[in-house]
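Please open the model in your viewer and follow the stops below in order.

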Number of protein chains: 2
Amino acid sequence: MTFQNEADLPPGLECLKNVDNLLRCPICFDHLDISMMTKCSHNFCSLCIRKFLSYKLLCPVCNSELTEQDLRNNRVLDELVANFQAARLRLSKVHFDSPPISPKT
Amino acid sequence: MTFQNEADLPPGLECLKNVDNLLRCPICFDHLDISMMTKCSHNFCSLCIRKFLSYKLLCPVCNSELTEQDLRNNRVLDELVANFQAARLRLSKVHFDSPPISPKT
Ligand SMILES: [Zn+2]
Ligand SMILES: [Zn+2]
Ligand SMILES: [Zn+2]
Ligand SMILES: [Zn+2]
């Protein structure tokens, strides 16, 4: 997965960009939604890959042969997406809430 | 996966704790090393689950029937572990390098 998305991480958190990218679907580029894993170890949203397989019985990433029966839920990715989004929100608030230079009191 | 580990995240990054826990193996509690996924969608280090299966043909998390042939590489987790560790290191340096109160110059 080497696709690029526009930077949507707040300043100081650019180092989480790779983690963010790994949690995205190579078909819709959004965060994975009901992640399904192929035998070739590639992950897609459930709806995205099922739509794709209705046209071609191949993995969209590596072209391995693939059928719906080969798909397996990858539930830890769904949990990672939810927790990563929550953490990103909290970290960005920390950054925005604290002024860059503390006033003398 | 509801196990708890001692807090090893630097101050301000506690919100990444859930992400950290999801990337750990339920057998050795370390970050996943060559992650293998079961049909029941549970993940373990390759060595940890193979050792376990030499004693019992069950998933250690949910007790579903399981054989070595049912295991599937979950490579995105290996990439997530590597990138999460790198990001955590960079974020902790940012926190430690910047003084809590900026001196007036
Ligand atoms: Zn998708
Ligand atoms: Zn593939
Ligand atoms: Zn392990
Ligand atoms: Zn299981």
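Predicted model: local features only at pLDDT ≥ 70, side-chain atom pairs only at ≥ 80, totals over all residues.

Stop 1: Select chain A and chain B and display the residues at their contact. Chain A contributes 34 residues, and chain B likewise contributes 34 residues. Between them the two chains bury about 2,800 Å², with 65% of that area on carbon and sulfur atoms.

**Stop 2: the side of chain B that touches chain A.** Colour chain B by secondary structure. Then colour the side of chain B that touches chain A by residue class: 18 of its residues are nonpolar, nine are polar and seven are charged.

**Stop 3: polar links across the contact.** How many salt bridges are there between chain B and chain A? The count is zero. Polar contacts, by comparison, join 15 residue pairs between chain B and chain A, counting pairs with both residues at pLDDT 80 or more.

**Stop 4: the zinc ion (ligand 3).** Select the zinc ion (ligand 3) together with Cys25(B), Cys28(B), Cys45(B) and Cys48(B), whose SG atoms are its protein donors. These donors lie 2.3 to 2.4 Å from the ion. Along the chain, their spacing is C-x2-C-x16-C-x2-C. Why is the arrangement around the zinc ion (ligand 3) described as tetrahedral? It is tetrahedral because the four donor atoms subtend angles of 104 to 115°.

How values were computed
Residues numbered from 1 in each chain as written. Chains lettered and ligands numbered in written order. Heavy atoms only, no water. Contact = heavy atoms within 4.5 Å. Buried area = accessible area lost by both parts, 1.4 Å probe. Salt bridge = Lys/Arg side-chain N within 4 Å of Asp/Glu carboxyl O. Polar contact = N/O pair within 3.5 Å; in protein donor to acceptor, adjacent residues only side chain to side chain. Nonpolar A, V, L, I, M, F, W, Y, C, P; charged D, E, K, R; others polar. Donors = N, O, S within 2.8 Å, 3.2 Å for Na, K, Ca; no water. Tetrahedral: all angles 85-135°; square planar, octahedral: opposite > 155°, others 65-115°.
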